[in-house]
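Hi,

Here's the structure I promised to pass along. Have a look at it first, and then read on for my notes.

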Amino acid sequence: MSRSEDRRQPDPQVFDRARLLVEERIRRYLRRSPYQLFPDEVVVRHLVTRLARNVVEHGRQYCPCRKVTGARDADRPNICPCRTHHQEIARDDHCECRLFVSREFLERRSDKR
Amino acid sequence: MALSIGDRAPDFNLPGVDGRDYTLADFADKPALVVIWSCNHCPTVIAYEDRMVQVERDYADKSVQFVAINSNDVSRYPDDSFDNMVERARKKGFKFPYLHDESQEVARAYSPSVTPEVFLFDAERKLVYHGRIDDSPDDPSAAKRQDLRDALDQLLAGQRIAIADTNPVGCSVKWK
């Protein structure tokens, strides 16, 4: 782990359980949503890692790209999927952290390649 | 529109944390220019900062120039303020310019998606590599691909960049 990380590393077993939980929640959400995952394994793995870390450290699956203030009411909208993710995807074709993207985003990327 | 491989580096004129303003011409004598979109708040940038410093250090004697640019909207992300940039550069020992793109004009020209995001330009300032630093944001020891280092080595050796485009990993650029 990078020395630039200020946080103590979570217990590996606790972290692995959190990671599995996050992955299952994402799978369940994708089954009922019109969105897809960002089409890059490294990106998705990183975001899932960050989400799992937030579960371990803060008790909730907070967005990896938003500050966790510690105030539950203020942070609640940022539990993944964030309350604003529909607007973000409608505007940018991806949510804030880019975990969820629109089908149009994927089509444009495959056209480009 | 995002830069494509082969595109020329758009010019810029931005203030740095050292009190100087920097333009593209300031680095004209360097055989390679690495422009990294960065910021202060993003956990992925924070995870990569030591690696950025180390890569810069490892290639400094080969006259590779690193430049970091922060374009994030400070009104929404006050951690990304210029004062905090100065502090971050001091604390992490940045030996490269860390520039503030307050208007986001330069970001619109380069079109980064996230931070950190790398744009590597050759001596003619044509884009030869774009994307991530390596393939393991969370654990440097687990990296299997050192994408930026590989691109730098190939560029400096006069070789074609084998993998010129990778998906950068990080938080989205915070547009106004």
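Predicted model: local features only at pLDDT ≥ 70, side-chain atom pairs only at ≥ 80, totals over all residues.

The scores are ipTM 0.80 and pTM 0.89. For chain B the average pLDDT is 96, and 99% of the residues score at least 70.

**Chain A**

Chain A has 113 residues, and 31% of them are buried. You'll find five helices and two strands in it. Reading from the N terminus, the order of the elements is α-β-α-α-α-β-α. As for contacts along the chain, if you take those between residues at least 6 apart in sequence, 49% join residues at least 24 apart.

**The sheet in chain B**

In chain B, look for an open sheet of five strands in the order 5-4-3-7-8, with mixed pairing. Its edges are strand 5 (98-100) and strand 8 (127-131), each of which pairs on one side only. From one strand to the next, the twist averages 20°.

Strand 3 of chain B (residues 32-37) is worth a zoom. Is it enclosed or open? It is largely enclosed by the rest of the structure, because six of its six residues are buried. In a regular strand, side chains alternate between the two faces of the sheet. Here, Ala32(B), Val34(B) and Ile36(B) point one way from strand 3, while Leu33(B), Val35(B) and Trp37(B) point the other way, and all are buried.

Moving along the sheet, strand 3 and strand 4 of chain B run parallel and are joined by six bridges. If you want a landmark there, Ile36(B) sits opposite Ala68(B) of strand 4. Strand 4 of chain B then pairs with strand 5 of chain B, also in the parallel sense, over three bridges. Asn70(B) has His100(B), in strand 5, as its bridge partner.

**The core**

The largest nonpolar core has 69 residues. Which residues have the most contacts inside it? Those are Val34(B) and Leu120(B). The largest share of this core, seven residues, comes from helix 2 of chain A (residues 41-58).

Leaving aside its neighbours within four places in sequence, Leu120(B) is in contact with Ala32(B) and Val34(B), with Val128(B) and Tyr129(B), and with Ala151(B), Leu152(B) and Leu155(B).

**Where the chains touch**

How many residues does each chain give to the contact? Chain B gives 17 residues and chain A gives 17 residues. On the chain B side, the elements that contribute two or more residues are helix 1 (43-59) and strand 9 (171-172). Helix 1 of chain B gives the most to that side, with six residues. Sorted by class, the chain B side has eight nonpolar, four polar and five charged residues.

A few spots in the backbone deserve a look. Most residues other than glycine have a negative phi, and most peptide bonds are trans. The residues below depart from that pattern.

- Cys80(A) and Pro81(A) are joined by a cis peptide bond, with omega about 0°. Pro81(A) is in the loop between helix 3 (72-75) and helix 4 (85-92) of chain A.
- The peptide bond from Thr115(B) to Pro116(B) is cis too, with omega near 0°. Pro116(B) belongs to the loop between strand 6 (114-115) and strand 7 (117-121) of chain B.
- Arg98(A) is not a glycine, yet has a positive phi of about 75°. You'll find Arg98(A) in the loop between helix 4 and strand 2 (100-101) of chain A.
- Ser63(B), also not a glycine, has a positive phi of about 65°. Ser63(B) is in the loop between helix 1 and strand 4 (64-70) of chain B.

Are Arg98(A) and Ser63(B) buried, or partly exposed? Arg98(A) counts as buried because it has 28 C-beta neighbours inside 10 Å, where 20 or more is the cut-off. Ser63(B) has 13 other C-beta atoms within 10 Å, so it is partly exposed.

That's everything from my side. Enjoy the browsing!

How values were computed: Residues numbered from 1 in each chain as written. Chains lettered and ligands numbered in written order. Contact = placed C-beta atoms within 7 Å. Helix = DSSP H or I, 4+ residues; strand = E, 2+ residues; numbered from the N terminus. Nonpolar A, V, L, I, M, F, W, Y, C, P; charged D, E, K, R; others polar. Core = buried A, V, L, I, M, F, W, Y, C linked by C-beta atoms within 7 Å. Buried ≥ 20, exposed ≤ 12 C-beta atoms within 10 Å, placed from the backbone. Pairing = 2+ DSSP bridges. Axes fitted to C-alpha atoms, helices over the stretch in contact; angles between N-to-C directions. pLDDT = per-residue confidence, 0-100.
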